[in-house]
Amino acid sequence: MTEKLPLNPFYSGIDIPDRFFCDRKAETAEIVKLITNGNNIVLKAPRRIGKSSLIKHVFSQNAINNKYNTLYVDIFGTRCSADFQIELQNAFMASSFAKSTKLFKKIMAYAKNARVELGAIEQSGIKLPSIGFNDPTGPIFTISEVFDAYEQADKPGLIVFDEFQQIQDYPERMAAILRGLIQQMNNTRFIFCGSSRHMLNTMFLQHNQPFYKSASTIDLDIISLPSYQEFVSTNFSIYGKKISNEAIEFTYYLMSGNTFGMQEVMKLAFMNAEPGALTEKKDIICALKELLTSKDAEYRDLLNRITSIKDRNTLFCIAAMGVATSLTSSGVMKKYNLDNASSVQHSLANLGAEKMNLIQLLSKGTYTLQDRLFELWIAYRGNYLDMKLYNPKERFEKERSELSSLPPIPKP
Ligand SMILES: Nc1ncnc2c1ncn2[C@@H]1O[C@H](COP(=O)(O)OP(=O)(O)OP(=O)(O)O)[C@@H](O)[C@H]1O
Ligand SMILES: [Mg+2]
């Protein structure tokens, strides 16, 4: 019997079957080892490198799957401890473990009181039916009730908080509250994930912070080129398709090794590929242009949110330079129509602030855009994409060498 393959082996979500998951063998083994030896972990990486998918991959490993009661909670966009509680509660309720707990009875008791409001016609229009609990505003469980359920279970627990840096913005002293609860737990391990290196370093590496030295740190790097090459060519070949090594390498450098960007381009290139024909660099460029066009609305919207012309010009300057240095030198300011050194500094602060998070500091005075696709989109719409396509390896190497000049992070 022939095996049923998905239409496309290049996945977009975070639940990727092992077979279509690229590499991460060493990282997976390290995380499993730390967890099974009783450690908590902080997992850091820039946006869209593959943190969340890696966590899901870890959950499916033999040493974890069925041996731990796992819980994955994404707290992206939460603003206060009640939001946190609701996310925790929703994730818990969706887990298979929940059904075996006493808390489940509490859910059922609430569910009995659930109300259904059916379409009363209001002056403003038709009110849609809504189903909810009698007190839809607040969480049903406390954080410690959920944690206790994991503590008291026969199997150990593994709870993951994704985008954990978010708690720093809560009005409550959430880090101290959580630390107090987590410290008392023996049967449950935690993984704290996030993309704000600065924020997570502050939380876990500063001695006056509640989470100081409470977890082992893993900095997730990009997938290596040889691993990605093997992964892509194998995936093409199991479908009877072919891709040149040059095309894979080109994609890798073009996306600076960013997993999301590479996978999105490959997904399209794969879709466009005829069985038997060879996918080449020119086909990757076609796929890239298709992808960038599909991003028009999203990126225009993003640009519209930058209301200051000075901020926009600074952003365009960084996009054009790729790896941007000496932004306040007179040569650069003149070339890119930037006002003066202090307004450039001001714009850099605005663009890099958590709220915008559009640029990242690579090393002192050196910036790139957070989202490589956004950089390429600006170039495409600015009619200079060809420059970006000319020698992406050079930009990649520059970026890597800037990154390696960062001081090493001390391990707790
Ligand atoms: N090892 C992998 N193999 C195949 N695809 C992957 C792998 N890792 C990540 N991806 C893909 O890359 C994209 C980004 O991954 P993911 O969402 O896990 O990154 P992230 O670091 O959590 O991003 P964010 O910062 O946005 O939360 C997803 O589309 C995912 O499918
Ligand atoms: Mg994620």
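In which loop is the place of Asn-66? Asn-66 sits in the loop between α2 (51-59) and β2 (69-74). The structure described here is a predicted model.

**Helix α18**

- Helix α18 covers residues 392-404, 13 residues in total, and extends 19 Å from its first C-alpha to its last, close to the 18 Å expected at 1.5 Å a residue.
- Pro-392, Arg-395, Phe-396, Glu-399 and Glu-402 are the buried residues of α18. Viewed down the axis of α18, these buried residues fall within an arc of 130°, so they line one face of the helix.
- An α-helix has 3.6 residues a turn, so residues three or four places apart point the same way.
- Glu-394 and Ser-404 are exposed residues carried on the face of α18 that is turned away from its buried side.
- The packing partners of the buried residues of α18 are α9 (245-254), β12 (359-363), β13 (366-369), α16 (372-381) and α17 (385-390).

**Helix α10**

- Helix α10 comprises residues 259-272; it has 14 residues and reaches 20 Å from its first C-alpha to its last, close to the 20 Å expected at 1.5 Å a residue.
- α10 is mostly covered, with ten of its 14 residues buried.
- The buried residues of α10 are Thr-259, Gly-261, Met-262, Gln-263, Glu-264, Val-265, Met-266, Leu-268, Ala-269 and Phe-270.
- These buried residues of α10 pack against α8 (225-238), β10 (242-243), α9, β11 (278-279), α11 and α16.

- Helix α11 (residues 281-294) packs with α16 at an angle of about 95°, and their axes are 10 Å apart. α11 and α16 are therefore roughly perpendicular to each other.
- On the α11 side, this contact is made by Leu-288, Lys-289, Leu-291, Leu-292 and Thr-293, and on the α16 side by Leu-373, Leu-376, Trp-377, Tyr-380 and Arg-381. The residues of the contact of α11 with α16 comprise seven nonpolar, one polar and two charged.
- Helix α13 (residues 309-321) also packs with α16 at an angle of about 95°, with their axes 9 Å apart. At that angle, α13 is roughly perpendicular to α16.
- Leu-315, Phe-316 and Ala-319 of α13 make this contact with Phe-374, Glu-375 and Ile-378 of α16. Its residues are five nonpolar, no polar and one charged.

**Contact of α9 with α11**

- α9 and α11 pack at an angle of about 40°, and their axes are 8 Å apart. This angle makes α9 oblique to α11.
- The residues in this contact are Glu-246, Ala-247, Phe-250, Thr-251 and Leu-254 of α9, together with Lys-281, Ile-284, Ile-285 and Leu-288 of α11. By class, the contact of α9 with α11 has six nonpolar, one polar and two charged residues.

- Most residues other than glycine have a negative phi.
- Asn-66, although not a glycine, has a positive phi of about 70°. Its relative accessibility is 58%, so Asn-66 counts as exposed.
- Asn-383, likewise not a glycine, has a positive phi of about 60°. Asn-383 is located in the loop between α16 and α17, and it is exposed, with a relative accessible area of 72%.

**Two individual helix residues**

- Glu-30 is a residue of helix α1 (residues 25-36). With 35% relative accessibility, Glu-30 counts as partly exposed.
- Glu-30 and Ile-218 are 188 residues apart along the chain, and their C-alpha atoms are separated by 8.9 Å.
- Leu-351 belongs to helix α15 (residues 341-352) and is buried, with a relative accessible area of 0%.
- Apart from its neighbours within four places in sequence, Leu-351 is in contact with Ile-306, Asp-311, Thr-314, Leu-315, Met-356, Asn-357, Leu-358 and Ile-359.
- Leu-351 and Ser-404 are 53 residues apart in sequence, and their C-alpha atoms are 23 Å apart in space.

Notes: Residues are numbered from 1 along each chain as its sequence is written. Chains are lettered from A and ligands numbered from 1 in the order in which they are written. This is a predicted model: local features need pLDDT of at least 70, side-chain atom pairs count only at pLDDT 80 or more; totals for chains, interfaces and linings use all residues. Side-chain values use heavy atoms; hydrogens and water are left out. Helices (H or I, at least four residues) and strands (E, at least two) are DSSP runs, numbered from the N terminus. The expected span of a helix is 1.5 Å times one less than its number of residues. Buried means under 20% relative accessible area, exposed over 50%, partly exposed in between (1.4 Å probe, protein chains only). The arc is that of the directions from the helix axis to the C-beta atoms. Contact means heavy atoms within 4.5 Å. Axes are lines fitted to C-alpha atoms, for helices over the stretch in contact, and angles run from 0 to 180 degrees between N-to-C directions. Angles under 35 degrees count as roughly parallel, over 145 as roughly antiparallel, 65 to 115 as roughly perpendicular and the rest as oblique. Ala, Val, Leu, Ile, Met, Phe, Trp, Tyr, Cys and Pro count as nonpolar, Asp, Glu, Lys and Arg as charged, and the others, Gly among them, as polar.
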